[in-house]
Amino acid sequence: MDGACVEVCPVDCIYSKPGDTQLFINPDECIDCAACEPVCPENAIFDEDDVPDDQQEFIKLNYDYDYDSSEPGANA
Ligand code: SF4
């Protein structure tokens, strides 16, 4: 994982824990500033309303992720 998004997020709402294969954005904490989108080398971050049809499943993954057992940042 690159983690560039973690560095630019002003509210530390991008999480992971050891063993994760991706980072997760907590939708309850994200302020929709879009700072993370251009720095992602995988072009994997979208506004929720702009997620491509073939990546819609990631919306639920980010909503359902267990943020209480994780820490902000690239911890994998
Ligand atoms: S859009 Fe959300 S996740 Fe991305 S940098 Fe802004 S607050 Fe953080």
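**Figure 1. Secondary structure and overall dimensions of the chain.** The chain contains 2 helices and 3 strands, where helices (H or I, at least four residues) and strands (E, at least two) are DSSP runs numbered from the N terminus. Along the sequence these elements follow the pattern α-β-β-α-β. The radius of gyration, taken over C-alpha atoms, is 11 Å, close to the 11 Å that the globule rule gives for 76 residues, so the chain is as compact as a globular protein of that length. That rule is 2.2 Å times the number of residues to the power 0.38. The C-alpha atoms fill a box of roughly 30 × 25 × 20 Å along the principal axes. The model is predicted: local features need pLDDT of at least 70 and side-chain atom pairs count only at pLDDT 80 or more, whereas totals for chains, interfaces and linings use all residues. Residues are numbered from 1 along each chain as its sequence is written.

**Figure 2. The open sheet.** The 3 strands form an open sheet in the order β2-β1-β3, with antiparallel pairing. The edge strands are β2 and β3 (71–72), each of which pairs on one side only; two strands pair if DSSP finds at least two bridges between them. Between β1 and β3, the antiparallel pairing extends over 2 bridges. Tyr15 has Pro72 of β3 as its bridge partner.

**Figure 3. The largest nonpolar core.** The core has 10 residues, namely Cys5, Val6, Cys9, Ile14, Tyr15, Leu23, Phe24, Ile25, Cys36 and Tyr65. A nonpolar core is a set of buried Ala, Val, Leu, Ile, Met, Phe, Trp, Tyr and Cys residues joined through C-beta atoms within 7 Å. Two or more of the core residues come from each of α1 (4–8), β1 (14–16) and β2 (24–25). Beyond residues up to four places away in sequence, Ile14 touches Cys5, Val6, Cys9, Leu23, Ile25, Cys36 and Pro72; contact requires C-beta atoms, placed from the backbone, within 7 Å. Of the 76 residues of the chain, 14% count as buried. A residue is buried if 20 or more other C-beta atoms lie within 10 Å of its own, exposed if 12 or fewer, and partly exposed in between, with C-beta atoms placed from the backbone.

**Figure 4. The shell around the ligand.** Of the 13 residues around the ligand, Cys9, Cys30, Cys33, Ala35 and Cys36 come nearest; a residue is near if its C-beta atom, placed from the backbone, lies within 6 Å. By class, the shell has 12 nonpolar, no polar and 1 charged residues. Ala, Val, Leu, Ile, Met, Phe, Trp, Tyr, Cys and Pro count as nonpolar, Asp, Glu, Lys and Arg as charged, and the others, Gly among them, as polar.

Figure 5. Val51 lies in the loop between β2 and α2 (57–64) and counts as partly exposed, with 15 C-beta neighbours inside 10 Å. Apart from neighbours within four places in sequence, Val51 is in contact with Phe46, Gln56, Phe58 and Ile59. Asp49 is placed in the loop between β2 and α2 and counts as exposed, with 6 C-beta neighbours inside 10 Å.

Figure 6. Most residues other than glycine have a negative phi. Asp12, in the loop between α1 and β1, has a positive phi of about 50°. Asn43, in the loop between β2 and α2, has a positive phi of about 50°. Asp12 is exposed, with 12 other C-beta atoms within 10 Å; Asn43 is exposed, with 8.

Definitions and conventions. Contact = placed C-beta atoms within 7 Å.
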